[in-house]
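We will go from stop to stop, and at each one you will get something to select.

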Amino acid sequence: MIRIDILLDAVVFSNLLVLMSIGLTLTYMTLKIPNFAHGDFVTFGIYTTYTMYRLMSISPYMTLPAAFLASGSLALALYLTVFRPLSKRGTSIVGLMIASIAIEIMLRSCMHIYADVMTRATPPNVFFRGFIIRETFWISLANVKLSGLLIASTALVIGLVLTLHLLLTRTKFGVAMRAAIENPGLASTLGINVGLVYAVSWFLAGGLAGIAGAILPIKLPCDPETGWAFLLRVFAATILGGFSSIYGAVLGGYIVGFAEVVGIYLLSLPPINLSTAYKPAISFTIIVVTLLIAPRGLTAVNWRAVAAKLHLVKGGVSK
Amino acid sequence: MIADPIRFLLDFTALFAVYLMLSVSLNLEYGYTGLPNFGKVLFFAGGAFVAGSVTARLVAPWAGINLAEINYSIENVKVAIAVSKYFAQNPGVAIGVFVFIILLSIVVGALLGYVASYPAIRLREDYLGITLLAAGELLRIIARNYEPLICGTLGVTIPNPFAWMGIRAQELAQIALMLSAAILVWVFVEKLARSPFGRMIRAVRDSEIAAAAMGKDVVKARMTSLVIGSAIAGLAGALYAFYTGAVHADDYVPIRTFLVWVMVIVGGAGNNAGAALGALAYVTMDRLIAQYKHYLAVPFDVNYLSYVFLGILLILILMYRPEGILPEKPSRTIDFEKVVKRIEGVKEEGMLSKLLKKFRRS
């Protein structure tokens, strides 16, 4: 039997992954490139929150709007100064990808410089590498102690996915956004400002990554490499989700999150005794298996056809 | 002022040789074939790990060490020293083992290229890029934690296969060997690019559909290119490992891949001279930073600043000179006059010379 705390841990981990995966999917939908710098938007959120927490003693949950704005603005600025000009000049997909890797390394290096400078500038007992933020509240339910992070991250995911869903389906801007993503040429002929829609997508993507970053130090020790280390899992979640729908990203985030946390827990038990350091291998396996079996992700699979093939549904597919 | 000019020159040449091999191999994959190999470090590490994990273990029994009796992870330095001493007395064995390891690393690099590309090479370039990058990180994580490979976080020391020479002579020989390997690789890729295979991979790069319509096997062309490129990276990795004398998993981070990309894109993708120029420029910068970083009074590591600089440089090049400093040249064709002379040289009155006469009259 899997322990309840492992499952709760998996929920927190998955919530964080979902927040990151939605953002990555949003940027993927605009330029059709995987943004390798997405993890660094998370790191930027981490450092925004941590700096406010350390220097102004603000609770990490209170810094969420600031982290959202900071990472969102960073993503928007990068889109406007780098990705949009490159894309307008007709840079190839590989060119855009290598530009995003360049930004990734630049952001990570800047964060390292910031961590170095801040560690020297602050008193010796204040660290800017390998820090954690202590949890501020717990709630006891029956015999289970629920951490504030669990409650906050779950509430954030539900709230934000719902907001995004309403934005995309119930508002004029959201419908325009979907149109611009689906067919930019046609959308701009119909008077939709595609540039604005893409810019908003990047801002939202960065902002969601920033929110994930803001609460991340409550869960695990953070340093300038944290966001980068998460990137592989985020890719696994988005590839599994199909790279083209935010609901796919939510689904992928939960599957990858549970597979990693529960999977490595089971693999580390006696008969196998695997070191938990191999955790990223689970995400990598998910990427490879998805590419081999369903390269367009879970949301693009025709489940009725699969079920018919496996003789799960009698009579086969009607179409 | 350079503190130790000879040391500087030796290190410079060795690093240049390694990066030249890497940039030329990436140029083959990306410049000529259009493959986004974001996992260059994977194949580089593959070669280095072969040198690190096999060399000492292979020779240890001959040097009188029973590997079953000791904890190799902890005592690998001792083993390496003993094997180096054995090499010093048996030059023939040393040369044989060195050649064997180099060949093995080439094979392992090629195999890794084949395996890593398998799930994604049929798919779009973004998936291939992600898979290769992720595979590189995974290999590093495994190497860090799986002690039998390269002794985990401790790293492994490699015995010196040149130990039978004098101190300066062995270093000179090693660097001469590395440089000649790099030049050979450069010439090989240059010849390959001008061969029918080279024209075919460029056709695949420029239009996959058109190449397929002309009967070219696109998947096979890309795979071959990646396998050759990875074999070269494996060779570079093994030579680098022998030069540094040790292998640590954390030396093989994706930033190395990025550096090679900067070299190829700034130098000029699709032009081997550009790849060489890129490697030369980067190694010059890297060595100068290593020389002077201690004089700079900044509260952080200057290398981070150099990454920021390289990132900005790469993006500026992509924006304002996407073809790089030395752009790709159209493929060389045979001189027309030479063709005419060749045909005229044919004595008998064949169809060809009749045609030529007609052509001359008109």
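**First stop: annotated spans in chain B**

Select residues 258-283 of chain B: this stretch is 85% helix and 0% strand, and its end C-alpha atoms are 14 Å apart. Helices here are DSSP runs of H or I with at least four residues, strands are runs of E with at least two, and both are numbered from the N terminus. Before going on, note that this is a predicted model, in which local features need pLDDT of at least 70 and side-chain atom pairs count only at pLDDT 80 or more, while totals for chains, interfaces and linings use all residues. Residues are numbered from 1 along each chain as its sequence is written, chains are lettered from A and ligands numbered from 1 in the order in which they are written, and side-chain values use heavy atoms, with hydrogens and water left out.

The span you have selected is one that UniProt, in an unreviewed entry, lists as "transmembrane region"; the entry's other spans in chain B include 6-29 and 41-60. UniProt positions are given in the numbering used here, feature names are shortened, and annotations may be inferred rather than shown by experiment. Now select residues 6-29 of chain B, where the end C-alpha atoms lie 35 Å apart and the span is 100% helix and 0% strand.

For chain A, the unreviewed UniProt entry gives the same feature name to several spans, among them 7-31, 61-81 and 149-168. Select 61-81 of chain A to see a span that is 86% helix and 0% strand, with end C-alpha atoms 31 Å apart. Then take 149-168 of chain A, which is 100% helix and 0% strand, its end C-alpha atoms 28 Å apart.

Zoom in on Leu160(A), in helix H5 (residues 148-170) of chain A. Leu160(A) is partly exposed, at a relative accessible area of 21%; buried means under 20%, exposed over 50%, and partly exposed in between, using a 1.4 Å probe and protein chains only. Which residues does Leu160(A) contact, leaving aside its neighbours within four places in sequence? They are Leu19(A), Leu208(A) and Ile211(A), where contact means heavy atoms within 4.5 Å. Leu208(A) is 48 residues from Leu160(A) in sequence, with 8.6 Å from C-alpha to C-alpha.

Next, select Thr27(A) in helix H1 (residues 4-31) of chain A. Thr27(A) is buried, at 0% relative accessibility. Its side chain reaches the backbone oxygen of Leu24(A) at 2.9 Å. Not counting residues up to four places away in sequence, Thr27(A) touches Lys32(A), Ile33(A), Asn35(A), Trp202(A) and Ala205(A).

**Third stop: where the chains meet**

Show both chains: 45 residues from chain A and 42 residues from chain B take part in the contact. Together the chains bury about 3,800 Å², 81% of it on carbon and sulfur atoms; buried area is the accessible area (1.4 Å probe) that two parts lose on being put together, summed over both. Highlight Val94(A), Ile98(A) and Tyr278(A), which supply 15% of the area that chain A buries against chain B, more than any other three residues.

On the chain A side, helices H3 (64-88), H4 (93-121), H9 (226-241) and H11 (279-293) each give two or more residues. H4(A) has the largest share, with 19 residues. How many salt bridges run between chain A and chain B? The count is zero, a salt bridge being a side-chain nitrogen of Lys or Arg within 4 Å of a carboxyl oxygen of Asp or Glu.

**Last stop: salt bridges in chain B**

Over all chains, the count comes to 23 salt bridges. Select Arg144(B) and Asp250(B), whose closest N and O atoms are 2.4 Å apart in a salt bridge. Arg144(B) is in helix H5 (residues 125-145) of chain B and Asp250(B) in the loop between strand S2 (246-247) and helix H11 (254-267), 106 residues apart.

Move on to Arg205(B) and Glu328(B), which form a salt bridge with closest N and O atoms 3.1 Å apart. This pair links helix H8 (residues 196-206) of chain B with the loop between helix H13 (302-320) and helix H14 (336-345), across 123 residues. Arg205(B) is partly exposed at 24% relative accessibility, and Glu328(B) is partly exposed at 28%.

Finish with Glu208(B) and Arg222(B), a salt bridge of 3.8 Å from N to O. Glu208(B) lies in helix H9 (residues 208-213) and Arg222(B) in helix H10 (residues 218-244) of chain B, so the pair ties together parts 14 residues apart in sequence.

Key. Polar contact = N/O pair within 3.5 Å; in protein donor to acceptor, adjacent residues only side chain to side chain.
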